[in-house]
Amino acid sequence: MKSFTVALIGNPNVGKSAIFNELTGSSAHVGNWPGVTVEKKEGKFTYLDAQINVVDLPGIYSLSANSIDERIARDFIVKEKPDLVVCIVDSTNLVRNLYLFVSLKELGVKTLLVLNMIDLIEDKLEIDTTKLSSSLKTRVVKTSATKKIGIGELKEAIFDELHYEQEPLFVDYGSDIERSIDKLNSLLNGTNLAYNKRFLSIKLLEQDPLIIEELKKLNKDSIIENALLEINSLEKIYPDLETEIIEKRYGLIEGVVKNSTKHLVSIEDRLTTSDKIDKIVTNRYLGIPLFAIAMLIVFEATFKIGGFFADYIEQFFGWSGDTLSQYIHNPLLQSFVKDGLIGGVGTVIVFLPNILILFLFLSFLEDVGYMARAAFVMDRLMHSIGLPGRAFIPLILGFGCNVPAIMATRTIADEKDRLLTILINPFISCTARLPIYVLFTGIFFKENHPGLIIFSLYALGIIVAILSAKLFRSTIPQLKGKVSFLIMELPIYRMPTIKAVLLHAWERSREFLKKAGTIILLGVILVWLLSSLPFGVKYASEQSFVGALGKFFAPILSPSGFGFWQAAVALIFGLLAKETVVGTMGTLFGGEDKLSIALPHLFSPLSAYAFMVMSLLYIPCIATIGVIYKETNSLKWTAFSVFYSLFVGWISATLIYQIGSIL
């Protein structure tokens with residue numbers, strides 16, 4: 001069987017991952033949200049006698065290599081040389097989407113053009129695919145991945161195009177620029193770079209930093225100097241040469257689109273339902289209050305609906321611990337099963353319904369297209385105080401998990417903005433902290449607006465992140481600089497299917513269960529072991545190893561209102577994963593059902609809130625620390641993030657407790 005490699009490429013949020021799933025039978029996350037795919041994904045399918053390996057690349061707008069995801073996509077196409085590049089475009093916005101396609105043709109790769117979301121232009125826009133195909137020198141296929149339209153035709157077209165050669169597409173940049181391109185072409189003839197020579201010449205005129213860097217490695221400084229001479233000469237005619245080159249491409253695209261399409265409705269009727277909703281949702285005065293109300297409703301529902309089911313799970317684990325202990329006669333093994341496994345891991349799993357409910361709401365808001373609007377309305381606030389609005393997109397992703405959120409900073413082109421966003425992201429409350437909030441809120445604030453308490457913690461995380469960014473921007477020399485603007489196309493509102501929302505929520509909740517069976521399990525076993533040693537001491541007493549460890553650190557926490565050793569141990573083991581804070585307390589106190597009796601003897605409502613603030617802001621978990629190091633490639637910035645967050649967590653909890661005690 002013959003084997004081929006096909007790359008899927010396109011702008012963010014055009015449905016690449018949905019088509020990838022339909023082609024390969026995979027279940028990559030699909031969202032109505034830009035930047036969902038941050039790393040390339042691979043799958044395969046067979047067609048007749050061929051095995052087609054499909055690579056889903058991150059969503060990008062151009063091949064300029066300004067951001068990490070653009071470099072990943074361009075490097076793969078240039079260096080891995082796929083047999084075919086399938087460019088997926090949003091049928092509702094052809095002009096903007098075809099810019100990337102034209103860049104691909106200039107690069108000289110074999111292409112296939114997919115007009116996705118074709119169902120959204122039905123009765124509104126007619127596209128003549130024959131004319132479009134002829135103008136762009138490529139085959140065109142219509143699809144709607146969400147409605148499974150055109151997938152069979154797409155597979156057939158991929159197979160066919162693998163066996164045919166294609167004509168190049170020529171963009172005429174005008175006689176002056178073309179002369180410079182020809183001169184640089186002749187100079188590049190002796191170079192050994194994988195790029196198309198015309199593409200290289202144009203990129204040199206656009207002063208592409210990676211192309212210049214590669215030529216320097218080949219000691220081709222003379223070509224770079226000649227390119228600068230050509231740029232200086234052309235800028236006497238075109239003061240902004242890069243913009244002139246971009247406009248030439250758009251000139252070709254607009255002509256092709258005008259010649260290949262026909263609008264079936266008037267301009268007034270083209271005002272879509274999304275436009276009408278956005279007039280309210282993104283309103284200058286209503287946008288942020290509506291976002292706050294939406295999140296408050298989410299947290300109220302998370303606490304109340306999730307709590308209903310959590311009560312039954314709690315009863316099940318309590319019954320299981322009592323029942324199993326009757327059949328285990330060895331005291332040590334009985335303690336391990338009841339206090340360690342059921343008391344520790346069971347205490348964490350009790351909160352699965354709350355996690356699932358939260359993800360159901362967040363998945364719906366993401367898939368329907370609202371979370372992109374949330375980033376948009378917050379951009380105004382952030383930019384008004386001198387912060388990059390682009391940073392808010394990874395911050396919102398941090399509501400789910402800080403690890404992929406930090407990886408999503410790859411879409412930020414400016415390195416200073418990217419580093420800044422990485423450093424403040426751990427302050428955003430991920431769902432791993434939710435079990436801590438639900439546990440303490442359920443015990444200390446059950447009758448006093450529990451949803452509002454949880455909402456205040458999420459809001460506090462955002463406020464601390466924004467204030468930290470402001471502090472870093474104004475005091476750290478490496479982070480000072482001009483604030484970049486947020487440029488983001490808002491997706492069309494789409495009603496997601498129930499199956500898609502359930503699948504999305506389950507995939508994220510499954511990670512919670514995986515952690516319960518791995519990191520959290522190891523953590524509670526370690527806590528149980530340290531609580532049982534040295535032999536002869538009372539389990540989980542001050543004389544045990546874990547008691548000695550907690551007593552060493554407890555005095556530091558006294559000003560925050562929870563200076564007892566159990567709290568210190570829980571926070572230390574929370575480094576493994578934030579859920580382990582709850583698991584550790586369950587192990588020390590004998591299960592979730594015992595916590596509601598034990599904790600009121602140690603915490604007041606004020607110190608309980610201070611403890612939740614400490615859990616929110618102090619050191620990120622190990623996985624987050626690892627990804628900070630990976631993305632910054634710097635031990636210095638990783639250590640800074642750890643110690644800064646530890647200080648902020650402690651000082652915030654202490655201030656809340658001390659000021660609250662005075663009031």
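## Nonpolar patch

Tyr-285 is exposed, with 66% relative accessible area (exposed means over 50%, buried under 20%, partly exposed in between, with a 1.4 Å probe and protein chains only). The model is predicted: local features need pLDDT of at least 70 and side-chain atom pairs pLDDT 80 or more, while totals for chains, interfaces and linings use all residues. Residues are numbered from 1 along each chain as its sequence is written, and side-chain values use heavy atoms, without hydrogens and water.

Tyr-285 sits in the loop between helix H11 (273-281) and H12 (helices are DSSP runs of H or I with at least four residues, strands runs of E with at least two, numbered from the N terminus). Together with Ile-280, Leu-286, Leu-290, Ile-293 and Ile-297, Tyr-285 forms a nonpolar surface patch of about 620 Å² accessible area (Shrake-Rupley method, 1.4 Å probe, only the protein chains shown counting as cover). Patch residues have over 30% relative accessible area and no salt bridge; nonpolar side chains (Val, Leu, Ile, Met, Phe, Trp, Tyr) are joined within 5 Å, like charges within 9 Å. Helix H12 (residues 287-327) gives the most to this patch, three residues.

## Salt bridges

There are 21 salt bridges (a side-chain nitrogen of Lys or Arg within 4 Å of a carboxyl oxygen of Asp or Glu). One of them joins Lys-148 to Glu-22, with the closest N and O atoms 2.9 Å apart. Lys-148 is in the loop between strand E7 (139-142) and helix H5 (151-161) and Glu-22 in helix H1 (residues 16-24), so this pair ties together parts 126 residues apart in sequence.

Arg-418 and Glu-415 also form a salt bridge, at 3.9 Å from N to O. Arg-418 is buried at 4% relative accessible area, whereas Glu-415 is partly exposed at 44%.
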